[in-house]
Amino acid sequence: MKKTLYLLALSALLLGGCSEQADSTVVASAASGQNDIPEYYEDYVLSPQVTDDRLLQEAGQKERDAKGEAAVKAVNMDEETYEVGPVELTVEESKILQLKPDYSLIDFFHSYTHDQEFEVVKMFVEITNTSDEPLHFAPVALLETAAEELKIWEDDIYLEELNGELAAGETKRGNIGFIVEEGSFDSMTITTSDVYDNEDNKIAEALEFDKAFE
């Protein structure tokens with residue numbers, strides 16, 4: 001029942017033309033390290049509030065920058081592509097990160113948690129409208145961990161404008177991430193939104209899929 005209510009609320013948001021607002025103006029640059037930055041991050045604009053984790057591709061790896069510290073708790077670097085009607089959704093990577101934000105960012109994260117250090121489950125996704133008309137879609141409407149913690153699209157800490165309208169043939173790429181608090185888990189279930197056209201007609205049902213971590 002809760003899932004149905006959340007999906008209905010997101011449908012109203014999509015059809016109302018609302019979108020998340022991103023305030024990032026920092027362009028990603030190459031970084032040194034043992035791993036190379038994956039190609040799918042090309043032209044990606046770094047989050048202004050979350051530590052850069054592009055080089056963190058194995059459990060145990062850590063990164064520190066001006067935005068704080070990040071350590072990989074678990075990871076899935078396998079690319080998987082899903083079809084949601086005319087929308088193609090590719091999950092390039094999934095990670096569980098332990099984050100300790102810099103003190104200057106505490107106010108931002110207080111709207112999500114009062115902890116100064118916490119875990120985040122995040123994915124880098126690419127969505128493409130393969131049709132010749134505008135569509136409305138959200139790649140993650142609901143996320144439920146194996147520990148039965150439920151997150152909705154409004155809990156996303158990256159705010160990278162991935163929800164909402166996709167123009168004909170348009171591709172969007174970016175991160176989606178959620179602070180999790182209910183213990184450890186080794187998998188999660190993602191539910192997308194339904195797909196709507198510009199006349200508010202539902203043209204594809206939401207898709208549910210699982211992601212496991214190593």
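Modeller: Start at K122, which stands opposite G177 in β10. The model is a predicted one. The two residues belong to a pairing between strand β5, residues 118–129, and β10, which runs in the antiparallel sense over 10 bridges. In general, strands of a sheet pair through backbone hydrogen bonds, and the pairing may be parallel or antiparallel.

Buried here means under 20% relative accessible area. For the chain as a whole, 50% of the 214 residues count as buried. The chain exposes about 10500 Å², with carbon and sulfur atoms supplying 44% of that area.

F124 lies within the residue range 118–129 given for β5, and F124 forms one aromatic cluster with Y40, Y41 and Y44. The structure holds 10 aromatic pairs. In the pair Y41 and Y44, the ring centres are 5.5 Å apart and the planes stand at 65°, so the pair is edge-to-face; the cut-off for that class is over 60 degrees. Both tyrosines are covered: Y41 has 2% relative accessibility and therefore counts as buried, and Y44, at 7%, counts as buried too.

A further sheet can be read in the same way, strand by strand. This open sheet has 4 strands in the order β9-β6-β12-β13, with antiparallel pairing. β9 (164–166) and β13 (202–204) are at the edges with a single partner strand each, so one side of each has no neighbour in the sheet. On average, neighbouring strands of this sheet are turned by 40° against each other, direction ignored. Within the sheet, β6, residues 135–137, pairs with β9 in the antiparallel sense over 3 bridges. In that pairing L135 stands opposite L166 in β9.

As for the setting of these parts, the secondary structure of the chain comes to 2 helices and 14 strands. Counting contacts between residues at least 6 apart in sequence, 66% join residues at least 24 apart.

Note on methods
Residues numbered from 1 in each chain as written. Predicted model: local features only at pLDDT ≥ 70, side-chain atom pairs only at ≥ 80, totals over all residues. Heavy atoms only, no water. Phe/Tyr/Trp six-rings, centres within 6.5 Å; stacked < 30°, edge-to-face > 60°. Buried < 20%, exposed > 50% of the residue type's maximum accessible area, 1.4 Å probe, protein only. Pairing = 2+ DSSP bridges. Axes fitted to C-alpha atoms, helices over the stretch in contact; angles between N-to-C directions. Contact = heavy atoms within 4.5 Å. Areas by Shrake-Rupley, 256 points an atom, 1.4 Å probe, with all protein chains shown as cover.
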